[in-house]
Amino acid sequence: MKTRKIDHVGIVVKDIDAALATFSRHFGFQADGSRGGEVAALGIKNAFMPVGESDLEFIQPTSDQGPVAKFAQERGEGQFMLSIAVEDVTAAVEHLRGLGVRVGDPSNGVAFVSMKSSHGVNLQLIQR
Amino acid sequence: MSIGATHIDHIVIASNDSAATAKLFSVNLGIEIKRVMSRPGTGSHMEFAKLQEVVLEFAGPPQPKEGEEPRARLGGFVLAVDDIDAAVAALRAKGVDVGDAHPAVQPGAKIAGIRAGTHGVPLALIQYNATPVDSQPAGS
């Protein structure tokens with residue numbers, strides 16, 4: 001399995017515009033307006049803010065269902081997920097399953113590792 | 001005024017068994033643990049791996065509790081800055097509650113924690129080559 005870099009850190013927030021304003025005002029980062037938006041199927045909206053070679057992904061739940069909404073209900077705002085860029089997500093999933101790791105099927109270049117196989121850390125694999 | 005943050009320096013993965021979590025990530029993701037650090041007197045055991053410019057820091061107690069399953073969580077991240085004293089001053093001028101810069105565990109580095117205004121994410125700033133390595137406290 002070939003990992004490339006930390007792709008992004010997912011941060012659940014209550015108000016995505018407020019979070020972008022905070023991180024812009026305090027740290028001087030600028031949102032990448034060409035990415036993100038409403039993802040109705042996941043019940044979220046998101047926005048990306050590049051920091052060096054990685055991104056911060058701000059994620060706001062737009063429904064009361066799904067893992068992001070659950071995180072927000074239980075923990076409020078905070079660091080939700082670590083996304084690792086891999087060269088080939090299909091090969092990465094096959095590799096991990098060969099090690100006995102529980103990992104979902106790749107979809108649109110993304111696969112999620114079961115938190116039961118990562119000591120509870122929410123891990124995403126992504127192929128760009 | 002920008003604080004001059006250049007990139008995410010490291011991401012903390014806090015675990016009740018940092019050695020086990022570091023090994024799990026190393027094996028599963030094929031990343032090498034580059035450094036292991038136990039600090040006498042501080043009650044911590046840390047292991048470090050690097051993915052391009054970002055370090056993964058696995059941090060936990062010196063010994064796991066017997067019979068306890070490993071449990072980990074994302075424990076915040078640290079932004080690299082060129083001038084930590086200027087960055088702290090700039091943040092304070094914006095009303096951000098940030099601690100004083102102090103020596104980090106990394107030789108020659110200084111770190112300052114941001115205590116509020118980060119939307120629930122534990123955040124800190126780090127500057128490398130901030131002090132001569134010889135001036136670091138023992139055990140760091």
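Predicted model: local features only at pLDDT ≥ 70, side-chain atom pairs only at ≥ 80, totals over all residues.
Me: How many helices and strands does chain B have?
Reply: Chain B has 2 helices and 8 strands.

Me: And in what order do the elements run?
Reply: Starting at the N terminus of chain B, the order is β-α-β-β-β-β-α-β-β-β.

Me: How much of chain B counts as buried?
Reply: Of its 140 residues, 41% are buried. Among contacts in chain B with a separation of 6 or more, 59% are between residues 24 or more positions apart.

Me: Turning to α1 of chain B, how many residues does it have?
Reply: Helix α1(B) covers residues 18-29, which is 12 residues. From first C-alpha to last it reaches 16 Å, close to the 16 Å expected at 1.5 Å a residue.

Me: Which of its residues are buried?
Reply: The buried residues of α1(B) include B:Ala22, B:Leu24, B:Phe25 and B:Leu29.

Me: What follows that helix?
Reply: B:Gly30 comes after α1(B), and its phi is positive, near 70°.

Me: Now the contact: how many residues come from each chain?
Reply: Chain A contributes 29 residues and chain B contributes 35 residues. On the side of chain A that touches chain B, β1 (3-12), α1 (16-27) and β5 (78-86) of chain A each supply at least two residues.

Me: What is that side made of, by class?
Reply: The side of chain A that touches chain B has 14 nonpolar, 11 polar and 4 charged residues.

Notes:
Residues numbered from 1 in each chain as written. Chains lettered and ligands numbered in written order. Contact = placed C-beta atoms within 7 Å. Helix = DSSP H or I, 4+ residues; strand = E, 2+ residues; numbered from the N terminus. Nonpolar A, V, L, I, M, F, W, Y, C, P; charged D, E, K, R; others polar. Buried ≥ 20, exposed ≤ 12 C-beta atoms within 10 Å, placed from the backbone. Expected span 1.5 Å × (residues − 1).
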